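Below is a short briefing on one predicted model, covering its salt bridges, its nonpolar core and a surface patch.

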Amino acid sequence: MRDDPRVGRVLGCEAYSSNAPLEPSHPDLFYYGIHGCELLFTIMGPGCQTVTRVKTPTADLAAGVWEDGRLGTFRGILQGRTGFGATVFGDKGIAPSGDFGGYPPLLIEIANFFRTGQPPFSAEHTLEIYAFMEAADESKRQGGVPVTLSSVLAKAREAAAGGSAPK
């Protein structure tokens, strides 16, 4: 979608996927929600600075603000019809993301990784997705206040260096 001529330069994205059922051994978004968050970051790219989250019995909503002012949201569907996709907003148009194409594209990427040793995304990109989900959880714990990804990453680095564990 980042190269779709109907959209032009991506200004925002509303990604969605099921976020149910929840798994008690995983924080909310880390189970099913990760798939929609991955889609959001695939379309928006890295650079998210803050996340604000609201959760009701029917849906989760995590709104991220990127460093260049773009807004990307993830809607985790908890009730009703589920699906997987996104609406992409650009300087030339608005378009839905493509449908789920099954697993062959994933298998091609896996084969390319084994063949070349080069992952399709950097470790930093992957860590930012996890920081987004943890910042969303922290925002929920704090009643919906914006939480910076940098604060989440700093806590993780401190814990990895032998400091106190993240709370």
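Arg70 is buried because its relative accessible area is 11%, where buried means under 20%, exposed over 50% and partly exposed in between (1.4 Å probe, protein chains only). The side chain of Arg70 meets that of Asp68 in a salt bridge, at 2.9 Å from N to O; a salt bridge is a side-chain nitrogen of Lys or Arg within 4 Å of a carboxyl oxygen of Asp or Glu. Asp68 has a relative accessible area of 48% and is therefore partly exposed.

The model is predicted: local features need pLDDT of at least 70, side-chain atom pairs count only at pLDDT 80 or more, and totals for chains, interfaces and linings use all residues. Residues are numbered from 1 along each chain as its sequence is written, and side-chain values use heavy atoms, with hydrogens and water left out.

**Salt bridges**

- Nine salt bridges are found in a search of the whole structure.
- Side chains of opposite charge can pair when their charged atoms come close.
- Arg6 and Asp4 form a salt bridge in which the closest N and O atoms are 2.7 Å apart.
- Arg6 counts as partly exposed because its relative accessibility is 47%, and Asp4 is buried because its relative accessible area is 14%.
- A network of salt bridges links Asp28, Arg53, Lys55, Asp60, Asp137 and Lys140.

**Arg53**

- Arg53 lies in strand β2; helices (H or I, at least four residues) and strands (E, at least two) are DSSP runs, numbered from the N terminus.
- With a relative accessibility of 2%, Arg53 counts as buried.
- A salt bridge joins the side chains of Arg53 and Asp137 at 2.4 Å, N to O.
- This pair links distant parts of the chain, with Arg53 in strand β2 and Asp137 in helix α3, 84 residues apart.
- Both members of the pair, Arg53 and Asp137, are buried.
- The side chain of Arg53 also makes a polar contact with the side chain of Asp60, at 3.0 Å. A polar contact is a pair of N or O atoms within 3.5 Å; within protein, one must be able to donate a hydrogen and the other to accept it, and residues adjacent in sequence count only if both atoms are side-chain atoms.

**Nonpolar core**

- The largest nonpolar core has 30 residues, and those with the most contacts inside it are Leu40, Val51, Phe132 and Met133. Such a core is a set of buried Ala, Val, Leu, Ile, Met, Phe, Trp, Tyr and Cys residues joined through side-chain atoms within 4.5 Å.
- Elements giving two or more residues to this core include β1 (10-18), α1 (33-44), β2 (48-55) and α3 (123-141).
- The most is given by α1, with seven residues.
- Val51 lies in strand β2 and counts as buried, at 0% relative accessibility.
- The C-alpha atoms of Val51 and Ala135 are separated by 6.1 Å, although the two residues are 84 apart along the chain.
- Leaving aside neighbours within four places in sequence, the contacts of Phe132 include Cys37, Leu40, Val51, Phe74 and Leu149, where contact means heavy atoms within 4.5 Å.

**Surface patch**

- Phe84, Phe100, Tyr103, Leu106, Leu107, Ile110, Phe113 and Phe114 make a nonpolar surface patch of about 860 Å². Patches are made of residues with over 30% relative accessible area and no salt bridge: like charges are joined within 9 Å, nonpolar side chains (Val, Leu, Ile, Met, Phe, Trp, Tyr) within 5 Å.
- Accessible areas come from the Shrake-Rupley method with a 1.4 Å probe; for residues, only the protein chains shown count as cover.
- Leu106 lies in helix α2 (residues 104-116) and counts as partly exposed, at 44% relative accessibility.
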